[in-house]
Amino acid sequence: MLDDLTLVIAYRYVQFNYPVPKSSQWFQDIWPNIDEKKFCIMMRVTRAQFTFIQNLIQDDPSFLTTQKQFLISTQLAVALYRLGSYGSGSSIPKVATLFGIGDGGTIGRISRRVFKVC
């Protein structure tokens, strides 16, 4: 029985899960420079509204932990992008690739943290 369980655990994925290629360069270099219209399409808020929300949540204890976290602006952008997307547009691998963030639970933790604070 134990051997069967070990075998199942060892082969629980039908195919190997390759890591999602990612780069933070897009978020660091391009995102700050996109025009207001494209920003609104992606985030569903204006830059001024984004900054307003960021200022409202930045002092929340959830963001002031000793754990290493992404910048609050990154976390807010991830949550807003996911809220403004539907279907496969908000898939974890797609968001992970776009923002240069790991897809092994990081996207979910970031989203839950921002949702909790808001």
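Guide: Leaving aside residues up to four places away in sequence, Ser73 touches Phe27, Phe50 and Gln54, where contact means heavy atoms within 4.5 Å. This is a predicted model, in which local features need pLDDT of at least 70 and side-chain atom pairs count only at pLDDT 80 or more, while totals for chains, interfaces and linings use all residues. Residues are numbered from 1 along each chain as its sequence is written, and side-chain values use heavy atoms, with hydrogens and water left out.

Ser73 sits in helix 5; helices (H or I, at least four residues) and strands (E, at least two) are DSSP runs numbered from the N terminus. With a relative accessible area of 16%, Ser73 is buried. Buried means under 20% relative accessible area, exposed over 50% and partly exposed in between, with a 1.4 Å probe and protein chains only.

The whole structure holds seven aromatic pairs. Rings of Phe, Tyr and Trp (its six-membered ring) pair if their centres lie within 6.5 Å; planes under 30 degrees apart count as stacked, over 60 as edge-to-face and the rest as tilted. Trp26 and Phe99 are edge-to-face, at 6.0 Å centre to centre and 85° between the planes. Since Trp26 is in helix 2 (residues 25–30) and Phe99 in helix 6 (residues 92–99), this pair ties together parts 73 residues apart in sequence. Trp31 and Phe50 have ring centres 5.4 Å apart and planes at 65°, so this pair is edge-to-face. Trp31 lies in the loop between helix 2 and helix 3 (36–43) and Phe50 in helix 4 (residues 47–57), so the pair ties together parts 19 residues apart in sequence. Trp31 is buried at 8% relative accessibility, Phe50 at 4% and Phe99 at 2%.

The largest nonpolar core has 25 residues, of which Trp31, Met43, Phe50, Ala77, Val78 and Phe99 touch the most other members. Such a core is a set of buried Ala, Val, Leu, Ile, Met, Phe, Trp, Tyr and Cys residues joined through side-chain atoms within 4.5 Å. Two or more residues come from each of helix 3, helix 4, helix 5 (72–84), helix 6 and helix 7 (106–117). Helix 5 contributes the most, with seven residues. Beyond four places in sequence, Val78 touches Val95, Phe99, Ile101, Ile107, Ile110 and Ser111.

In helix 6, the buried residues are Val95, Ala96 and Phe99. Viewed down the helix axis, these residues fall within an arc of 100°, so they line one face of helix 6; the arc is that of the directions from the helix axis to the C-beta atoms. Their cover includes helix 2, helix 3, helix 5 and helix 7. Gly100, with a positive phi near 70°, follows helix 6.

For the protein chain as a whole, the secondary structure is seven helices and zero strands. Buried residues account for 32% of its 118 residues. Among contacts with a separation of 6 or more, 53% join residues 24 or more positions apart.
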